[in-house]
Each structure stands twice: as C-alpha cells, then as structure tokens.
Amino acid sequence: MPERPRRRWKSAAAWAAGLTVGTAAGIVTTRALIRRDRRRIDPEAGEHLAELPPDDPGPVVAADGTLLHVRAAGDPAAPGILLAHGFSLDMTTWHYQWKEWSKRYRTVLFDHRGHGRSGTSAGRDYTLQAMGADIKAVLDATFPEGPVVLAGHSMGGMAILAFAEAHPEEFRSRVAGVLFADTAAAEVVRGAVGGILGRLSGHKVPDDRAERIRGYMKEGRSDLAYLVARLTNFGHHASPWLVDYIAAISGQAPIEVWTDALTGVLELDFRHALEHIMVPALVIVGDVDRITPPSSARALASALPDAELLVLEGAGHLSMMERHEQFNEAAGAFLERAFAEHRAPAAARRRIGSAKA
C-alpha cells in the first residue's frame with residue numbers, strides 16, 4: 001500500500017479505537033476514505049458467505065446442557081474435518097474451506113456456545129475449557145471413531161488446545177492432525193483488541209466498555225463497524241465484501257460472550273498442552289495479523305512436536321478468508337499428509353496382530 005493511504009488508515013485506526021477524538025472535519029475525511037475503500041473493484045463481491053453446509057445432523061447437547069448448532073457436508077464415510085471458528089464470529093467464516101474440503105472429506109462445522117445459532121450457556125460458562133469440552137461433544141456426535149483433523153481459527157484454535165489439555169489420549173487415536181489459523185497458545189497481543197475496548201482493568205473486560213464496542217459492531221454495515229472490522233481483522237488490500245460481511249456478524253454474540261469469553265482469551269496460556277498434540281500440525285498466520293501476529297504463530301509452531309508454519313503475505317487475522325486460495329492449497333496438502341500418517345500406524349498394528357495370530 002502507498003505510504004499516504006497507509007498513514008490515512010493509521011489515523012482512522014486511532015479514531016476508531018478512541019485514542020484520539022478528532023474534529024468533525026476529520027470524521028468526514030475518515031468516512032470518505034471508508035466509502036472510497038468500499039467502492040473498489042472486488043473479485044469476492046457477490047460470494048454467498050452466509051451459505052450453510054447442506055446437512056443438518058441436529059443440535060449437539062454439551063456436557064452442561066448448552067445446545068450447539070452443527071452443520072455438515074461431504075461423504076459421511078470419508079475421513080473427517082471439524083472446524084472451530086473465532087471469537088464473536090460463526091461457522092460461516094469457514095465458507096471457502098467447507099466448500100472445497102467437503103469434496104473429499106466429511107466436513108463438520110459448529111457455532112461455539114453463545115455464538116451464531118448455538119444456545120447461550122445456562123451457567124454463563126464461556127471459558128476456553130468449556131469450549132474445549134464442546135469440541136469433545138461435537139466429536140463424539142459426528143466422528144465417534146475418526147479419523148478427524150481439527151481446524152481452529154483464533155479462539156477456535158485456543159479451544160482445541162483446551163481440548164488437548166483435557167483429552168491428550170485423543171491425539172494419535174481419533175485425531176489425525178491439527179490446523180491452527182491465526183491463533184496462539186499464550187500471550188495474545190492485546191494491541192488491537194485493547195485499543196478498541198479502551199483500557200482494560202487487568203485482564204478483566206469491563207461490561208460497559210464491552211457493551212460499547214459490541215454496540216458499534218451491532219450497527220452491522222455502518223461506517224464505524226466497517227472500520228473496526230477492517231482494522232482488526234484484515235490486511236491492507238482486503239476485499240470490501242469480506243470486510244462488510246464480518247462487520248455484519250461480529251456484534252451478534254450476547255454481552256456475556258464479549259466480557260467472559262474475551263477475558264478468557266486475554267488470559268490464555270495453554271503452552272503446557274502443546275506436548276499432547278503428538279500429531280502433524282499446520283500453523284497458518286497472516287503477516288499483518290494484528291491480534292495474533294506472526295511472532296505468536298512462530299512460538300506456537302516451534303513448541304508443537306510436529307508442526308509446519310506458513311505465513312501468508314498481506315493477510316490479516318482472517319487469513320482463511322482473505323487468502324483462501326493459498327490457504328486451501330497449503331491445507332489440502334497437509335490434510336493428505338495427516339490422514340496418510342494416521343493410516344500408516346493403524347496398518348502396521350493390523351500386520352503385527354495378523355503375524356501373532
């Protein structure tokens with residue numbers, strides 16, 4: 001991006017985050033910049049991002065009674081992929097992946113508790129541990145035997161780490177591999193999030209500040225919602241269609257999700273659980289991800305027993321949407337490897353059993 005537009009976006013970011021108040025003329029200039037950005041030629045325009053996978057296996061009941069909305073696509077007899085989305089989003093952020101991967105694999109998506117079409121938690125439990133337990137419930141209902149690859153974006157990847165902490169036995173048995181997209185195991189960078197929410201009281205997100213930013217995002221396709229979504233989730237040349245879509249869905253989760261779940265993300269430290277993931281892993285991150293930057297991804301990949309790292313140039317925090325072609329190409333090769341390596345030990349065990357007989 002040329003230096004002048006980049007400086008303008010930086011000024012707009014400060015305005016959106018409440019770091020500066022700005023004059024009326026400055027606000028007008030910022031809005032003009034947003035509207036100009038929205039009018040750019042966009043190859044993603046018209047993509048039906050809200051489309052849900054065609055199969056409805058019915059809701060899954062979590063351990064505490066929370067109802068989780070689940071959808072699926074692909075051959076039920078094929079190896080499986082379970083997709084977990086990020087904070088304040090829903091399963092549709094995996095649009096480009098389920099459309100492609102369901103051609104070869106049984107692909108299952110679900111909305112986290114309090115997100116999308118899933119129910120709220122009766123006990124107001126939005127911890128990552130609860131979300132990890134939800135992954136177990138969805139796995140048991142949709143892939144009782146496996147093999148399955150788990151894929152998590154941002155908070156979804158953190159929930160996978162919580163699942164690994166509670167159920168290390170699942171790795172090398174039912175779980176064949178893990179894909180982490182724009183996520184971290186510890187020390188989530190709070191620059192973008194903290195700037196928008198204002199000063200945090202320790203790691204606790206105050207209800208009134210969370211409600212304010214949620215209110216901005218609930219404006220859907222307003223200029224402010226667009227700006228917040230653009231600056232927190234995307235790179236410099238992001239598709240306006242994608243930004244508009246994320247702006248429209250980002251504020252829909254109830255206020256307790258914005259306070260409780262976000263607090264859990266900011267207090268994240270699952271480094272001790274990484275040793276349990278004794279399966280192939282792929283870590284993908286955008287090089288301009290402002291929430292879980294490449295440094296977090298490198299730390300995650302280096303701590304995993306068997307991991308590859310891919311940094312996608314020009315992508316922000318939603319790399320699987322913003323660079324979906326490159327993302328799917330790399331992930332496709334990884335899926336083949338993970339399932340092949342999972343089959344090999346099973347075949348070896350069968351040969352040993354036959355020899356003993």
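**Reading the sheet and its cores**

A: Seven strands form an open sheet with mixed pairing, in the order S3-S5-S4-S6-S7-S8-S9; strands (E, at least two residues) and helices (H or I, at least four) are DSSP runs, numbered from the N terminus, and two strands pair if DSSP finds at least two bridges between them. The edge strands, each pairing on one side only, are S3 (70-73) and S9 (307-312). This is a predicted model, in which local features need pLDDT of at least 70 and side-chain atom pairs count only at pLDDT 80 or more, while totals for chains, interfaces and linings use all residues. Residues are numbered from 1 along each chain as its sequence is written, and side-chain values use heavy atoms, with hydrogens and water left out.

Q: Why is strand S4 described as largely enclosed by the rest of the structure?

A: In a regular strand the side chains alternate between the two faces of the sheet. Here, five of the five residues of S4 (residues 80-84) are buried, so the strand is largely enclosed; buried means under 20% relative accessible area, exposed over 50% and partly exposed in between, with a 1.4 Å probe and protein chains only. Gly80, Leu82 and Ala84 cover one side, and Ile81 and Leu83 the other.

Q: Which strands does S4 pair with, and in what sense?

A: S4 pairs with S5 (residues 106-110) in the parallel sense over five bridges, and Ile81 stands opposite Thr107 of S5. The chain passes from S4 through helix H3 (residues 95-101) to S5 in a right-handed β-α-β crossover, meaning that, with the strands pointing away from the viewer, the path from the first strand over the helix to the second runs clockwise. Five bridges also join S4 to S6 (residues 148-153), again in parallel, with Val148 as the bridge partner of Gly80.

Q: Which residues have the most contacts inside the largest nonpolar core?

A: In soluble globular proteins, nonpolar side chains tend to be buried together. A nonpolar core is a set of buried Ala, Val, Leu, Ile, Met, Phe, Trp, Tyr and Cys residues joined through side-chain atoms within 4.5 Å. The largest has 54 residues, and those with the most contacts inside it are Leu82, Leu150, Phe171, Phe180 and Ile277. Helix H5 (residues 155-166) gives the most to this core, with eight residues. Apart from it lies another core, of 41 residues, including Met91 and Leu282.
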